[in-house]
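Open the model in your viewer and keep the selection panel handy. We will go from one stop to the next, with a note on what to find at each.

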Amino acid sequence: MIRNFTQLTLLISSALVMILTIYLIFIWVPTDDVLGVSQRIFYFHVPIGILGLMAFPIVFIGSITYLITKNQSMDSIAYSAAEIGALFLTIALITGMLWSKPSWGVWWTWSPQPTLTLVSWLVYMAYIMLRAYSPRGNQGAKYAAVLGIIGSVNSIFVYLAAKIWRDVHPEAVLGPLAEDNSLDPSMQIGLLIALTAFSLLFLYLISERFLIRKTEQKIERLQYELD
Amino acid sequence: MNSTKRIKSAYIYILLIGISILQLAASHPKESDSNQFLEYLFAAYTISWLCFFIYLFFISKKQKELENELELLSKELEKQKKN
């Protein structure tokens with residue numbers, strides 16, 4: 001009951017904040033002088049990219065806790081976060097390409113940040129494929145946990161990349177590495193509200209996937225009992 | 001369970017309305033806006049929502065299938081225990 005209530009709250013609040021986000025992006029925030037309307041991709045691309053990478057710490061904590069305690073719920077959290085992280089990073093890479101073309105004239109640039117993001121996306125894909133093709137039970141979960149822990153390290157470099165290797169990709173606009181006044185205040189408000197909307201959606205999707213994973217585990221147990 | 005499904009559908013409708021607003025906003029840009037790269041903006045937002053919708057559809061379908069499978073297995077297990 002509480003789970004359902006939490007999910008409903010997440011779903012309703014994300015929908016409401018999403019409406020506000022769409023209003024802010026298309027009506028309220030000013031248009032960038034240099035990049036024009038294509039800069040509005042930023043309000044989707046950046047929050048979705050951040051959340052795609054934020055799934056890695058969840059995978060990391062879930063995997064480490066699973067390896068230590070063998071708690072199936074921790075494995076389910078890691079699995080759910082990896083799948084939702086893969087979805088978010090897929091969208092972040094696509095929107096990045098759609099922003100790169102009008103900004104730099106190319107669909108893809110091998111600059112460190114997008115390249116490392118692509119590596120993170122490949123780690124998620126490897127994780128999902130490992131879970132799909134490994135035998136049922138603890139073995140697949142163990143291998144995936146190790147992959148999740150190793151892969152999580154890369155997400156730190158994605159954040160640091162634009163600072164360490166300065167190139168065409170813009171630097172971080174949020175977090176400890178962001179410079180003061182790197183964004184117009186109204187753009188910053190738009191970005192923070194978009195981040196809130198997507199964070200709520202992200203949490204909702206993880207909780208939904210977690211419950212599905214729990215049902216899958218229940219089915220596995222029943223099948224084992226029947227055999 | 002039904003209320004969750006209803007709210008999920010409502011969410012999808014709200015987002016579809018959002019996309020329509022986007023389309024409207026994109027077709028009536030402010031005077032200062034440059035129309036040059038509008039198609040990229042539209043493509044980015046449409047693809048993002050499509051990905052979310054496809055994923056939501058995929059997990060809803062999976063949830064339904066798993067619920068059916070769970071019910072079948074529970075019934076089978078009960079039969080086995082009775083025998």
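Predicted model: local features only at pLDDT ≥ 70, side-chain atom pairs only at ≥ 80, totals over all residues.

Select A:Gln113 to begin; this residue sits in helix H4 (residues 112-133) of chain A, where helices are DSSP runs of H or I, at least four residues long, numbered from the N terminus. A:Gln113 counts as buried because 25 other C-beta atoms lie within 10 Å (the cut-off is 20 or more within 10 Å, with C-beta atoms placed from the backbone).

Residues are numbered from 1 along each chain as its sequence is written, while chains are lettered from A and ligands numbered from 1 in the order in which they are written.

Next, select helix H3 (residues 72-104) of chain A. Of the 33 residues in H3(A), 25 are buried. Just past H3(A), click A:Gly105, whose phi is positive, about 85 degrees.

Now show helix H5 (residues 138-164) of chain A alongside H3(A): the axes are 11 Å apart and the packing angle is about 55 degrees (axes are lines fitted to C-alpha atoms over the stretch in contact, and angles run from 0 to 180 degrees between N-to-C directions). To see the contact, pick A:Asp75, A:Ala78 and A:Ala82 on H3(A), then A:Ala141, A:Ala145 and A:Gly148 on H5(A); contact means C-beta atoms, placed from the backbone, within 7 Å.

How values were computed:
Helix = DSSP H or I, 4+ residues; strand = E, 2+ residues; numbered from the N terminus. Expected span 1.5 Å × (residues − 1). Buried ≥ 20, exposed ≤ 12 C-beta atoms within 10 Å, placed from the backbone. Contact = placed C-beta atoms within 7 Å.
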